[in-house]
Amino acid sequence: MNNPLVSITIVTYNSSKYILDALESVKAQTYNNIELIVSDDCSTDNTIEIVNKWLNANSTRFLNVEVLSTDVNTGVSKNSNIARNACHGEWTKGFAGDDILLPTCIEDNLNFIENEPHAQVVLSNSIVFFDNGLDEMIQRPALLVPDFFNLSASDQYEKLVQHDLLMNPNSQFVKTCLLKSLKADERMKYMEDRQFFWNCTNRGVKIYYFDKVTVRYRKHEGALTGYPGKQLLSLNYNDSWAAFYYITRKTELEKRNINTAKDEKRILWYLVVKYILGNRGNLVMRILNRYVEKWIQKTKYYSNIDY
C-alpha cells in the first residue's frame with residue numbers, strides 16, 4: 001500500500017457532547033499519515049474550546065492540524081466547503097462531529113483503492129446507533145437499487161435521477177481534487193451530499209462500493225435542531241431537499257418525461273404543514289422522528305448487524 005496523505009475533516013455545530021468521541025476515533029486510526037481539519041459553524045456551546053484543549057495534548061499525532069470557524073452560522077454545505085478547501089491530502093475522509101470512525105477506516109479504504117485504481121469516490125457501510133437505546137443497524141448505500149454499483153457512471157446517474165437514493169454520505173472516501181472541484185451547493189444549506197453524487201456521475205465519475213463497515217453514524221434527538229439534516233424528519237433538511245428538487249431534480253425528471261406530480265405534492269404539503277406549525281414545527285418533527293425510528297426497526301429497512 002502506498003502512503004498518501006489523507007485529510008480527515010470534521011464539521012461541527014454545537015457538538016460539545018460528542019466531539020471527543022469523534023476526535024478520539026481519528027486518533028485511534030491504524031493509518032498514520034493523516035492531517036486533521038475541524039471546521040466549526042459558529043457553535044454557541046464550547047465545541048471549539050474542547051477541540052483546542054484536545055489538540056493541545058494530541059496534535060503531534062497528525063502531520064498537520066487546522067481548526068476553522070465562522071463568525072455566523074452558515075449551514076452544513078458551506079461549512080463542508082470550508083473544511084474541504086483546507087485539505088492538503090490526496091484523499092479526504094469527511095464526517096460530522098457526532099459520528100465515529102472505526103479504527104481501520106482509513107487503512108481499509110486505502111486497501112480497497114489499491115485494488116480499484118480507477119476509484120475516486122468510495123462508499124461503504126455504516127452502523128446506525130441511537131442515543132435513545134434502539135438497536136444498532138447496518139446502513140448500506142443505494143439500498144433500493146441492489147445493482148447500482150455494478151453500473152457505469154452514466155447509468156448510475158440515471159438511477160439517481162429516477163430514485164431518491166440513500167447514498168450513505170457519512171461513509172464517503174473521496175479523491176480530494178474531485179471534492180474541491182465539485183463544491184457543495186450552498187443554496188442547499190443543510191444537504192451537501194445529493195448534488196455531489198449527481199455531479200460526479202453526470203461527469204463520468206463512477207461511485208464504487210466497499211462492502212465493509214467503516215463508520216458509526218449517530219442518531220440523537222439534539223441533531224434535529226442542533227445539527228440539521230442528520231435524520232429523516234427535519235425542517236431544515238426538508239427545506240434543502242425542496243431547493244435541490246427545484247434547482248436540479250425537477251429539470252432532469254422533465255427531460256425524461258417522468259411525472260413530477262408526486263414530488264410537487266410532497267413539497268406543497270410540507271410547506272403547508274410547516275406554515276401551520278410555525279414555531280412548533282421542530283417539536284412536532286422531533287416527536288414524529290421517534291416514530292419513524294421505531295418504524296425503521298420494525299420494517300428492518302436497514303440490515304441487522306452482521307459484520
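**Close-up views of a predicted model**

**View 1. Lining of the second largest pocket.** Twelve residues line the second largest pocket, and Asn 2, Trp 91, Leu 110, Ile 113 and Glu 114 lie nearest its centre. On a 1 Å grid over the protein atoms alone, a pocket is an open set of points where a 1.4 Å probe fits, with protein on both sides within 12 Å along at least five of seven lines; lining residues have an atom within 4 Å of a point. The volume of this pocket is about 220 Å³, meaning the space filled by probe spheres set on the points. Helix H4 (residues 105-115) gives the most to the lining, with three residues. Helices are DSSP runs (H or I, at least four residues), numbered from the N terminus.

This is a predicted model: local features need pLDDT of at least 70, side-chain atom pairs count only at pLDDT 80 or more, and totals for chains, interfaces and linings use all residues. Residues are numbered from 1 along each chain as its sequence is written, and side-chain values use heavy atoms, without hydrogens and water.

**View 2. Helix H7 against helix H9.** The axes of H7 (residues 194-202) and H9 (residues 235-255) come within 10 Å and cross at roughly 25°. Axes are lines fitted to C-alpha atoms over the stretch in contact, with angles from 0 to 180 degrees between N-to-C directions. H7 is therefore roughly parallel to H9 (angles under 35 degrees). Arg 194, Gln 195 and Trp 198 of H7 make the contact (heavy atoms within 4.5 Å) with residues of H9 including Tyr 237, Trp 241 and Phe 244.

View 3. Over residues 224-232, pLDDT (the predictor's confidence in each residue, from 0 to 100) stays under 50. Where pLDDT is low, the predicted coordinates should not be read in detail.

Key. Helix = DSSP H or I, 4+ residues; strand = E, 2+ residues; numbered from the N terminus. Parallel < 35°, antiparallel > 145°, perpendicular 65-115°, else oblique.
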